[in-house]
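Hello,

Here is the structure I promised to pass on to you. Please have a look at it first, and then read my notes below.

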Amino acid sequence: MRIDLEKILINKISTVSLLKTDVQNWQSKGQKVVFTNGVFDLLHIGHITYLAKAAELGEKLIIGLNADNSVRRIKGESRPVNDQNNRAAILAALFFVDAVVLFDEDTPLNLISTLLPDILVKGADYSVENIVGSKEVLANGGEVKTIDFVKGYSSTAIIEKIRQQIPGKA
């Protein structure tokens, strides 16, 4: 089996304007569009589990990916470890991801308000009323759901573990 990674990346990594048209087309066919967002810096089993569960909630999964500048503002100057192009390509390569779109703001509010997915998903560490974009999605007749994380996995914890293994860097 030959995988054409270039074709996958071209077809899945999108812009907001192109993705808005895709979302409208999918919704017109009765396909439920699920949206989630995050940094996804070092992809791990916690991310994969979370994203797979999100994908099961509908027919199309969109990931809003924090651009590098956004990650630095939120996580600090040492992040991201992987740049936005690498993170987007890795996410786009997942078979259950239908689209990846970068956003440079600190929150995906503008992105969510533009795309208006049927289902907005975040981790269960958020309450529905505190999820950015929940008001907009609910006002449009959509749903907001939370998914439990796999305990013990986070990019920050992995990075810290690596740092502790480097002499003089702990």
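A word on terms before the notes: two residues are in contact when they have heavy atoms within 4.5 Å of each other. Please also keep in mind that this is a predicted model.

Let me start with Ser134, which sits in helix α7 (residues 134–139). Ser134 has a relative accessible area of 3%, so it is buried. If we set aside neighbours within four places in sequence, Ser134 is in contact with Leu120, Val128, Glu129 and Val144. Its side chain also reaches two backbone oxygens: that of Ile131 at 2.9 Å and that of Val128 at 3.2 Å.

Next comes Lys122, in strand β5 (residues 119–123). What does a buried lysine without a salt bridge have around it? The lysine side chain does reach the backbone oxygen of Asn37, at 3.2 Å. Not counting residues up to four places away in sequence, Lys122 touches Thr36, Asn37, Tyr50, Ile131, Lys145, Thr146 and Ile147.

Tyr50, one of those residues touched by Lys122, brings us to helix α3 (residues 45–55), where Tyr50 is buried along with Gly46, His47, Leu51, Ala54 and Ala55. Looking down the axis of α3, you will find these buried residues within an arc of 160°, so they line one face of the helix.

Arg79 is another charged residue to look at. You will find Arg79 in the loop between α4 (68–75) and α5 (84–92). Its relative accessibility is 6%, and because the cut-off for buried is under 20%, Arg79 counts as buried. The side chain of Arg79 makes a polar contact with the side chain of Asp41, at 2.8 Å. As for Asp68, it is 11 residues away from Arg79 in sequence, and the two are 7.9 Å apart in space, C-alpha to C-alpha.

Finally, the aromatic rings. The count comes to one aromatic pair. The pair is Phe95 and Phe96, with ring centres 5.1 Å apart and planes at 80°, so it is edge-to-face. Are its two members buried or exposed? Phe95 is exposed, at 74% relative accessible area, whereas Phe96 is buried, at 15%.

I hope you enjoy looking through it.

Best wishes

Technical notes:
Residues are numbered from 1 along each chain as its sequence is written. This is a predicted model: local features need pLDDT of at least 70, side-chain atom pairs count only at pLDDT 80 or more; totals for chains, interfaces and linings use all residues. Side-chain values use heavy atoms; hydrogens and water are left out. Buried means under 20% relative accessible area, exposed over 50%, partly exposed in between (1.4 Å probe, protein chains only). Helices (H or I, at least four residues) and strands (E, at least two) are DSSP runs, numbered from the N terminus. The arc is that of the directions from the helix axis to the C-beta atoms. A polar contact is a pair of N or O atoms within 3.5 Å; within protein, one must be able to donate a hydrogen and the other to accept it, and residues adjacent in sequence count only if both atoms are side-chain atoms. Rings of Phe, Tyr and Trp (its six-membered ring) pair if their centres lie within 6.5 Å; planes under 30 degrees apart count as stacked, over 60 as edge-to-face and the rest as tilted.
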